[in-house]
Every structure is written in structure tokens, then in C-alpha cells.
Amino acid sequence: MSTQGHHLDRLTAVDASFLTNESTSSHMHVGAILIFEGPPPRYVDLVEHVRGRLNLVPRFRQKLVVPPLETGRPLWADDVNFNLSYHIRHTALPEPGGEAQLKRLTGRVFSQQLDRSKPLWELWLVQGLERDRFALLTKTHHAMVDGISGVDIGTVLFDLEPVPEPAAVEDAWVPHRSPSTAELVGRGLGDAVGLPIKVAEKAVDAIRHPESAARKAVEALEALSEVVSQFADPAPDVPLNQEIGPHRRYVWARSELATFKRIKDTFGGTVNDVVLAVVTGSIRSWLHSRGVRTEGLELRALVPVSIRAEDEHGNLGNRITLMRGPLPVYIEDPVRRLHTISEEMAGLKESKQALGAEMISRFNDFAPPTLLAQASRLNFSTRLFNLLVTNVPGPQIPLYVLGRELEEVFPVAFLPQNHALAIAIMSYHGKVGFGLLADYDSMEDIEVLGDGINEALDELLAAAGDSAAAA
């Protein structure tokens with residue numbers, strides 16, 4: 001279990017940026033739709049199942065506390081009024097209980113901001129899904145979790161066996177009392193006093209290892225200049241980037257991981273390159289349906305990349321950096337589109353762009369809250385990218401909740417301001433789920449993009465078959 005999740009842990013700079021970027025129209029929660037076979041469990045059984053495992057995720061019983069007068073970033077404090085029944089919701093789909101009804105429910109659930117006076121998560125039990133299935137919807141604020149570390153409510157939900165060992169219900173938790181104003185101010189001042197010590201330690205290290213320090217300084221400057229130079233190359237102006245409202249639409253597309261691997265093995269690159277090529281093909285078709293010309297048009301995707309060091313796995317908090325991936329919608333041929341993406345992504349990974357984004361996030365660790373808010377808005381600037389595309393590899397073994405097998409996972413990302421679409425992808429047990437979250441008012445034709453995912457994948461698969469036949 002992580003050593004973090006302690007009472008009065010301070011948010012990292014990246015986690016705090018997800019709070020400062022939130023607005024009434026741009027919600028910073030993420031989650032997933034989990035579809036299971038079999039009849040739904042009883043609500044009380046699900047509540048007790050989660051209660052017995054909450055000690056594994058102490059953060060899920062903590063809420064935000066904000067120091068007065070911006071004496072530091074917010075802290076996590078135990079919620080003395082924690083009520084598990086508030087966080088676990090129960091609902092049923094209207095007739096006929098099809099996937100269309102589940103998608104509409106998902107859009108409504110993700111349209112509502114989380115209450116910052118309570119721990120920032122919800123879990124919805126959804127019954128009434130056709131073909132003897134049910135769903136769980138997870139919804140967690142991005143400040144609490146990132147997809148790569150996997151420390152989410154899912155960590156405590158799942159079993160690896162259909163009949164798990166019975167877990168003893170852990171009810172010995174006693175919350176710390178709420179911190180006083182003086183304690184919060186003192187904590188902020190303590191952090192400020194500690195900052196010169198951190199800087200001094202780095203200075204001593206630089207004196208001991210001057211060659212290494214000089215090399216790192218040059219690399220950091222080059223990396224930062226590479227990130228700054230991107231503002232001179234803004235993302236193009238397309239219908240995806242406009243003012244959005246608070247309401248959401250959600251659709252998904254399903255496919256098989258073996259299909260992506262076959263395409264990758266035939267044409268080279270990575271599975272993630274194939275994912276970006278499929279997204280590019282779908283957006284190209286959608287732009288044409290809107291009457292937008294795509295000659296010479298290359299969109300930019302914000303692609304999160306984990307910078308979590310090997311020894312940091314299990315730690316809470318976000319350790320991600322952001323890269324601008326290419327979506328060359330000007331290319332008609334699907335194979336040439338894939339090759340172009342593979343070449344550009346390989347170049348990005350070798351470039352200093354990722355390091356530059358990490359340098360900005362490290363700088364934020366030393367920034368006062370007001371400056372931090374400005375820097376985080378810089379990272380999500382519309383000038384930099386057209387949409388978020390995040391691809392998270394999931395477990396390739398079956399998972400169970402209360403004896404029911406998880407069949408499919410469709411992830412849900414978030415919409416930054418002036419971004420009407422975000423696409424999240426997750427692989428699980430040989431399947432790949434695409435979740436498309438969109439602004440309700442400006443994206444009535446979201447289904448065109450969902451259908452386009454499968455059409456673009458079929459194009460590449462057919463080309464792979466032709467290539468194999470020719471060989």
C-alpha cells in the first residue's frame with residue numbers, strides 16, 4: 001500500500017493544476033463505464049464490498065482543505081463526516097435498457113461537478129441493462145488519480161478470482177480532527193521555509209558534480225525553449241475548439257487488441273501509433289461531414305505520457321507530462337497516415353518536448369498558488385492542441401466484482417475549456433474500448449465520430465490483409 005494518503009498531505013503541482021483549470025463548463029473528473037455479465041449485486045453488498053477495502057485507498061476518505069490567504073497549495077484532510085452511502089449511488093436504466101440509454105445516463109452523470117466539500121469521487125451501480133448485464137460508473141476528480149498509477153476506486157473493487165477470499169470489513173478507521181486555521185497557515189509557512197533548504201541541497205549537489213549539473217542545465221534550457229516555441233506553431237482552428245457548456249454527450253466504440261497488434265506488426269510503429277491513426281481517420285471523415293476541407297490540415301492531440309519513475313509506482317498523485325501528437329487529417333491513404341504518425345511520434349519521444357513539459361511541472365512545485373494557476377492554464381491552452389487523446393493500457397486478465405466478470409471497459413476523459421471533444425482509450429482482456437466525451441450543444445453529431453473509429457480501423461485492417469496477400 002502507498003505510504004501516501006496521509007492526513008494533511010499537500011497536493012502536487014500537477015494535481016493542483018486540475019483544480020485551477022476547473023470551471024462551471026469544464027469539469028476535471030475522469031472515470032469509466034464498466035459493463036458486467038450477470039444480474040446486478042444488491043446495493044448493500046456493493047457498499048460493504050467497498051467499505052471492507054477503503055483502507056487500501058485512504059485518499060478516498062479525504063477532502064480538500066484550502067489554506068487561508070493562499071499560503072500554499074491545498075491539502076488532503078480526513079473527512080470527519082465521511083458517509084460511504086453518499087458516494088455510492090444506485091440507479092436503473094429506463095426501458096428498453098439498451099446501450100443508448102446507458103450512454104445518455106453517462107453523459108448526464110459526467111455533466112455534474114463533484115462537490116469539493118466532500119471526497120472527490122462517486123460510484124454508480126446501474127441496473128436494467130439488456131442481455132442480463134449491469135454497469136458500474138466510476139467518477140473521480142483528476143486531482144486524486146491518474147490513469148497510469150491505477151490508484152482509483154477500481155483498485156479496491158476488483159478481484160482476480162470469481163470467488164475471492166472474504167475480506168474482513170475494516171471499520172476501525174478514526175478520522176483525524178479537522179485542522180485549525182492556525183495549523184493550515186503554519187503548514188504553508190513550514191513548506192515555504194523548507195524550500196530554501198531544498199534549493200541549497202541541489203546547490204551542494206551541483207558543486208559536487210559540476211559536469212552533470214551543467215549538462216542538466218543545458219538540457220533543461222533546450223527543453224523549455226522547445227515547449228515555448230510551440231506557441232509560435234498554434235493548433236489549427238477547427239470546429240472542435242469553441243466555447244463549451246457544462247453538459248456532455250458520450251458514445252463508445254469497441255474493438256479487439258489483436259486487430260491493433262496485427263496492423264502494427266504489418267506496418268511497424270506502436271499500438272499507440274495505430275490508435276492515433278484510427279482517431280485521425282475518424283476525425284477526417286467527421287470534418288468532411290461538416291463541410292470542412294482537410295487539404296494541408298494537421299490537427300494536434302494532447303497525448304499524456306507517464307513520467308513516473310520505476311521506484312514511484314504505487315505513489316498517489318499525478319506524474320504525467322503532456323506531448324503534442326500529430327493527427328494528419330490531410331492524408332487520404334490510411335497506411336501513409338499511419339507511417340507519418342509513427343515517424344513524428346518517434347521524433348517527439350527523442351526530442352526534448354517531454355522533458356520540457358516535465359520541467360514546467362517541476363517549476364510549478366515551487367510556485368505560489370496564484371502563479372501556479374496561470375502556469376496550469378498555459379498547459380491547457382487551446383493554441384497548443386485541438387483535443388485530448390489518452391491511451392491507457394489495462395490488465396489483460398479477467399477481473400471480477402462480487403463474483404461477476406467484467407466484460408468491457410469504456411474510459412471517460414475530460415474537456416478543458418474551449419475543447420468540445422476528448423477521446424480516451426483503454427485495453428482490457430484482449431478488447432479495446434474507445435470512449436468519446438463531447439460538449440452537448442456543439443457536438444450533436446458525435447455518433448459520426450464513434451462510427452468513424454470502426455471505419456478507420458477496418459480500412460487499416462483491410463490494408464494489412466492486402467499487404468499480407470501481396471507478400
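Author: Happy to. Leucine 8 lies in the segment before strand E1 (9-10). Bear in mind that this is a predicted model.

Reader: Thanks! Is leucine 8 buried or exposed?

Author: Leucine 8 is buried, because its relative accessibility is 13% and the cut-off for buried is under 20%.

Reader: And what about phi of leucine 8?

Author: Phi is near 65 degrees there, a positive value in a residue that isn't glycine. For background, most residues other than glycine have a negative phi.

Reader: Which other non-glycine residue has a positive phi, and where does it sit?

Author: Arginine 131 has one, at about 60 degrees. You'll find arginine 131 in the loop between strand E6 (121-129) and strand E7 (133-141). Arginine 131 is exposed, because its relative accessible area is 60% and exposed means over 50%.

Reader: Good to know. Where is the cis peptide bond?

Author: The bond from glutamate 95 to proline 96 is cis, with omega near 5 degrees. Proline 96 belongs to the loop between strand E5 (88-92) and helix H4 (99-109).

Reader: Switching to packing: which residues touch the most other members of the largest nonpolar core?

Author: Those are Leu102, Leu136, Leu421 and Phe434, in a core of 114 residues. Helix H9 (residues 271-289) gives the most to this core, with nine residues. A second, separate core has five residues, including Leu8, Val65, Ala77 and Leu184.

Reader: Nice. How do helices H8 and H13 cross?

Author: The axes of H8 (residues 257-267) and H13 (residues 446-470) come within 9 Å and cross at roughly 50 degrees. That makes H8 oblique to H13. H8 passes H13 in a left-handed crossing.

Reader: Which residues meet there?

Author: On the H8 side they include Phe260, Arg262, Ile263 and Phe267, and on the H13 side Leu457, Leu460, Leu461 and Ala464 are among them.

Reader: Last one: is histidine 419 buried or exposed, and what lies 3.2 Å from a polar atom of its side chain?

Author: Histidine 419 is buried, with a relative accessible area of 0%. The backbone oxygen of phenylalanine 385 lies 3.2 Å from that side-chain polar atom. Histidine 419 itself is in the loop between strand E13 (404-412) and strand E14 (421-428).

Notes: Residues numbered from 1 in each chain as written. Predicted model: local features only at pLDDT ≥ 70, side-chain atom pairs only at ≥ 80, totals over all residues. Heavy atoms only, no water. Core = buried A, V, L, I, M, F, W, Y, C linked by side-chain atoms within 4.5 Å. Buried < 20%, exposed > 50% of the residue type's maximum accessible area, 1.4 Å probe, protein only. Helix = DSSP H or I, 4+ residues; strand = E, 2+ residues; numbered from the N terminus. Polar contact = N/O pair within 3.5 Å; in protein donor to acceptor, adjacent residues only side chain to side chain. Axes fitted to C-alpha atoms, helices over the stretch in contact; angles between N-to-C directions. Parallel < 35°, antiparallel > 145°, perpendicular 65-115°, else oblique. Left-handed = near helix turned anticlockwise from the far one by under 90°. Contact = heavy atoms within 4.5 Å.
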